[in-house]
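Hello,

Here is the structure I promised to pass on to you. Have a look at it first, and then read my notes below.

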Amino acid sequence: MLSVAVPTWNPQAALLIGIVLLEAIVLYVGYGGVERLVGPRLLALLTRGDDAARR
């Protein structure tokens with residue numbers, strides 16, 4: 001038989017979920033910034049060689 005009772009919310013679980021979500025957001029923004037700064041030069045280095053990356 002199904003129960004209609006609402007389970008209680010655990011504050012520690014909510015804190016852990018919040019921390020993991022915040023960490024994911026920080027990593028997403030951080031890696032995006034690194035990709036914007038390093039990406040074009042690295043791509044030029046890999047596709048055209050060392051001379052194109054120095055420009």
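Accessible areas here come from the Shrake-Rupley method with a 1.4 Å probe. Please keep in mind that this is a predicted model. For the protein chain, the accessible surface comes to about 5,500 Å², and 69% of that belongs to carbon and sulfur atoms. Of its 55 residues, 5% count as buried.

The secondary structure is quick to describe: two helices and zero strands. Let me walk you along helix α1, which covers residues 11-48. At its start, a side-chain oxygen of N10 reaches to within 3.1 Å of the backbone nitrogen of Q12. Further along, α1 has a kink of about 45° at V38, shortly before the proline P40. Just after α1, G49 takes a positive phi of about 100°.

How far apart are the end C-alpha atoms of α1? They are 54 Å apart, which agrees with the 56 Å that 38 residues should span at 1.5 Å a residue. This helix is also hardly covered, as the count of buried residues in α1 is one.

Now for the surface. V34, L37, V38, L42, L45 and L46 make a nonpolar patch of about 590 Å². V34, one of these residues, is found in α1. Why does V34 count as partly exposed? Its relative accessibility is 47%, and partly exposed means between the 20% limit for buried and the 50% limit for exposed.

Enjoy exploring, and write back with any questions!

Best wishes

Methods. Residues are numbered from 1 along each chain as its sequence is written. This is a predicted model: local features need pLDDT of at least 70, side-chain atom pairs count only at pLDDT 80 or more; totals for chains, interfaces and linings use all residues. Side-chain values use heavy atoms; hydrogens and water are left out. Patches are made of residues with over 30% relative accessible area and no salt bridge: like charges are joined within 9 Å, nonpolar side chains (Val, Leu, Ile, Met, Phe, Trp, Tyr) within 5 Å. A salt bridge is a side-chain nitrogen of Lys or Arg within 4 Å of a carboxyl oxygen of Asp or Glu. Helices (H or I, at least four residues) and strands (E, at least two) are DSSP runs, numbered from the N terminus. Buried means under 20% relative accessible area, exposed over 50%, partly exposed in between (1.4 Å probe, protein chains only). The expected span of a helix is 1.5 Å times one less than its number of residues. The bend at a residue is the angle between axes fitted to the seven residues ending there and the seven starting there. A polar contact is a pair of N or O atoms within 3.5 Å; within protein, one must be able to donate a hydrogen and the other to accept it, and residues adjacent in sequence count only if both atoms are side-chain atoms.
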